[in-house]
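Here is a short briefing on one protein model. Keep the structure open as you read.

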Amino acid sequence: MRRIIVGITGASGSIFGVRVLEGLRAAGGVEVHLVVTNWGQQTLEHETGMAIKDVRALADHVHAAGEMGASIASGSFHTDGMIIAPCSMRTAAALALGFGDSLVHRAAEVVMKEKRRLVVVPRETPLTEVHLENLLRLARMGVSVLPPMPAFYNHPQSVDDIVNHIAARVLDQFGIAAPNAKRWDGEMRGRDDVVPLRPKS
């Protein structure tokens with residue numbers, strides 16, 4: 001049984017965290033530990049209309065944001081890593097500079113110090129120079145920074161398609177196959193009357 005921690009902070013994009021939880025549940029064989037910050041709960045309920053109890057039901061274990069003595073706060077508690085989706089810029093700064101004060105921060109710091117996989121899905125655009133510097137600092141520490149940028153090669157037909165694709169790319173970081181993921185198959189499809197671009201000789 002694998003163990004993965006999911007953190008949901010107060011940044012916009014809480015649906016990504018929900019969809020990751022759903023993907024982990026569908027995949028099976030993963031013990032999920034969930035931490036939702038106070039602002040994370042408010043943003044989630046505002047953006048998705050979901051009740052927090054329904055989101056918590058997608059996890060095997062739920063920890064309060066201030067529960068600094070939780071199992072996931074210790075490196076001796078083995079996990080396969082952590083996903084923070086969405087990741088607020090306050091959280092990114094706390095991790096980049098080492099001044100975390102919540103269980104999301106502490107659990108992520110444990111994952112980093114134990115050299116386990118940490119994936120962060122940053123908040124919406126635009127990003128300031130400070131935000132970019134903090135994300136670069138995290139990337140240099142081995143954190144996977146996965147901005148929720150939509151892909152269009154898979155011809156998304158809805159917002160759900162875009163969200164599902166981002167969630168699938170997050171789960172890819174752990175080698176977990178997401179249901180309904182549309183993969184690039186190497187075939188470029190377009191209209192018959194459009195001449196494809198060719199490199200200059």
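The model is predicted.

**Largest pocket**
- The largest pocket has a volume of about 320 Å³.
- Its lining has 17 residues, and the closest to the centre are Pro122, Arg123, Glu124, Thr125 and Pro148.
- Helix H1 (14-27) and strand E5 (117-122) are the elements that each give two or more residues to this lining.
- By type, the lining of the largest pocket splits into 11 nonpolar, three polar and three charged residues.

**Second largest pocket**
- The second largest pocket has a volume of about 230 Å³.
- Of its 13 lining residues, Gly10, Thr37, Trp39, Arg90 and Thr91 are the closest to the centre.
- Two or more residues come from helix H2 (38-48), and two or more from helix H4 (89-97).
- The lining of the second largest pocket has three nonpolar, eight polar and two charged residues.

**Cis peptide bonds**
- The bond from alanine 85 to proline 86 is cis, with omega near 0 degrees. Proline 86 is in strand E4 (residues 81-87).
- The bond from threonine 125 to proline 126 is also cis, with omega near 0 degrees. Proline 126 is in the loop between E5 and helix H6 (129-140).

**Positive phi angles**
- Lysine 115 is not a glycine, yet its phi is positive, at about 60 degrees. It is in the loop between helix H5 (103-113) and E5. Lysine 115 is exposed, with a relative accessible area of 73%.
- Histidine 155 is not a glycine either, and has a positive phi of about 50 degrees. Its loop runs between strand E6 (144-145) and helix H7 (159-172). Histidine 155 is partly exposed, at 48% relative accessible area.

Note on methods: Residues are numbered from 1 along each chain as its sequence is written. This is a predicted model: local features need pLDDT of at least 70, side-chain atom pairs count only at pLDDT 80 or more; totals for chains, interfaces and linings use all residues. Side-chain values use heavy atoms; hydrogens and water are left out. On a 1 Å grid over the protein atoms alone, a cavity is a set of points where a 1.4 Å probe fits but cannot get out, and a pocket is an open set with protein on both sides within 12 Å along at least five of seven lines; lining residues have an atom within 4 Å of a point. Grid points are joined across faces, edges and corners, and a volume is the space filled by probe spheres set on the points. Helices (H or I, at least four residues) and strands (E, at least two) are DSSP runs, numbered from the N terminus. Ala, Val, Leu, Ile, Met, Phe, Trp, Tyr, Cys and Pro count as nonpolar, Asp, Glu, Lys and Arg as charged, and the others, Gly among them, as polar. Buried means under 20% relative accessible area, exposed over 50%, partly exposed in between (1.4 Å probe, protein chains only).
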